[in-house]
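Here is a friendly walk through one protein model. Have the viewer open and follow along from heading to heading.

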Amino acid sequence: MSGSKAGRRLVFVGGGHAHLYSLKRAADLVGQGAEVVLVAPQRYHYYSGMGPGFLSRIYRPEQVRVDVRSLAVSRGCTFVEDRVVSVDPGARLLLLESGRALPYDAVSFNTGSRVPAERIPGAAEEATPVKPVENLDRVRERVLDSGRGRPCRVLVLGGGPAGVEVAANLWRLGRTEGVPAEVTVCEAAPRLLPGLPPRAGELARRSLEGRGIAVRTGLAAAGLEAGVASFEGGDSFAYDVAVLTVGIVPHELYRDSGLPTGADGGLLVDEFLRSPQYPEVFGGGDCVCFSPRELPRVGVYAVRQGPVLFRNLRACLGAGAAVPFRPQRRFLLILNLADGTGLAVWGRWAARGRWAFRWKDYLDRSFMGRFQVSGELSGPEEEAP
């Protein structure tokens, strides 16, 4: 693209992993003459990679969140604390939860994902989903409140990476706070970590069971009601606290917007992270469906999409050429097992050790350190018409 595009409004919807790179460099976009707006439901973005450690307080709250308001304002952006509830791509208009309408010339979405509680009857009322990440603080408070004087029975529904990490960190929470917790993990598949190599699932099981955490596989939840979870086949468990980690899906925003979407309702984007029908619409992270090939919803892709989104948004505003996103076929995944060890997975290889947690901790702290803003900042907030 070429030619001057000064004076156009670029809106970032959500301050997630895929947008942090652009927000840090938003002064370049403002320097092109663009009005840059960030719309986010709250001041802070919590980093999911450190969420389980936040639950057990391996990390303090300020270590696992980015002050996206201050980050954006410090770069000359306008911050709007609100939530986008509808998109009219034909009119280039965002409808906000407050009832306001926000026009855009270009927009990028990074709204993350949610846990589909509706898949299990009663789960929406009875269980706390692990998304958004700050929900884990609610889980922490409930465990501490419920566990005074007797063991707190905690049921973790889902034995994928999030379920394993949450269960492990619940164990740590109980030990460090002196609150006895009886933790049970239930997974519908025949083994833990069904999407990872069998050895990873076996290492995870050994780690959890070695600390007294009950692992039940091949159990599909049928419903939750009044502190009792029922399962297909007739089993049931009583619980004081239930945590939901049964996968993630994009928010309904895109399916209801008229924008092209993938099969699961994620915003459909091409290799340039751009809507194939609306070239002024971009997106990254868990909320998109990458049309060249299906990608797992893991943080590494969102982070690596960041620089590509930035360059392509600059191109949309008239500076430089768009570049494609080329996702790697394999990526390193490390789970925090909360006992000083991590579970590392690369392709079909898996190993557990203290070195793995140290490596994960270094990577996570380094990533977060790149986007921290010190001090309170004043600037344009809630001013975009």
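Predicted model: local features only at pLDDT ≥ 70, side-chain atom pairs only at ≥ 80, totals over all residues.

## An exposed alanine

Alanine 226 counts as exposed, because its relative accessibility is 67% and the cut-off for exposed is over 50%. Alanine 226 sits in the loop that runs between strand 15 (221-225) and strand 16 (228-231). Proline 198 is 28 residues away from alanine 226 along the chain, and their C-alpha atoms are separated by 35 Å.

## Salt bridges

The model has a count of 20 salt bridges. One of them pairs arginine 43 with aspartate 67, with 2.8 Å between the closest N and O atoms. This pair links distant parts of the chain, 24 residues apart: arginine 43 is in the loop between strand 2 (35-40) and strand 3 (44-46), and aspartate 67 is in strand 4 (residues 65-67). Both arginine 43 and aspartate 67 are buried.

Another salt bridge joins arginine 57 and aspartate 137, whose closest N and O atoms are 2.7 Å apart. Arginine 57 lies in the loop between helix 3 (51-56) and strand 4, while aspartate 137 lies in helix 6 (residues 135-146), so the pair ties together parts that are 80 residues apart in sequence. Arginine 57 is partly exposed, at a relative accessible area of 29%, and aspartate 137 also counts as partly exposed, at 22%.

Glutamate 118 and arginine 114 meet through their side chains in a salt bridge of 3.0 Å, N to O. Salt bridges with shared partners bring Arg114, Glu118 and Glu252 together in one network.

## The second largest pocket

The second largest pocket holds about 230 Å³ of space. It is lined by 15 residues, and those closest to its centre are Val288, Cys289, Leu295, Pro296 and Arg297. Strand 22 (288-290) and helix 9 (299-316) each contribute at least two residues to the lining. Sorted by class, the lining has 9 nonpolar, 4 charged and 2 polar residues.

## A nonpolar surface patch

Leu332, Trp346, Trp349, Trp355, Trp359, Tyr362 and Leu363 make a nonpolar surface patch of about 730 Å². Which helix gives the most to the nonpolar patch? That is helix 10 (residues 354-369), with 4 residues. Leucine 363 has its place in helix 10, and leucine 363 is partly exposed, with a relative accessible area of 36%.

Conventions
Residues numbered from 1 in each chain as written. Heavy atoms only, no water. Buried < 20%, exposed > 50% of the residue type's maximum accessible area, 1.4 Å probe, protein only. 1 Å grid on protein atoms, 1.4 Å probe; cavity = no way out; pocket = protein on both sides within 12 Å on 5 of 7 lines; lining within 4 Å. Points joined across faces, edges and corners; volume = space filled by probe spheres on them. Nonpolar A, V, L, I, M, F, W, Y, C, P; charged D, E, K, R; others polar. Patch = residues over 30% accessible without salt bridge, like charges linked within 9 Å, V, L, I, M, F, W, Y side chains within 5 Å. Areas by Shrake-Rupley, 256 points an atom, 1.4 Å probe, with all protein chains shown as cover. Salt bridge = Lys/Arg side-chain N within 4 Å of Asp/Glu carboxyl O.
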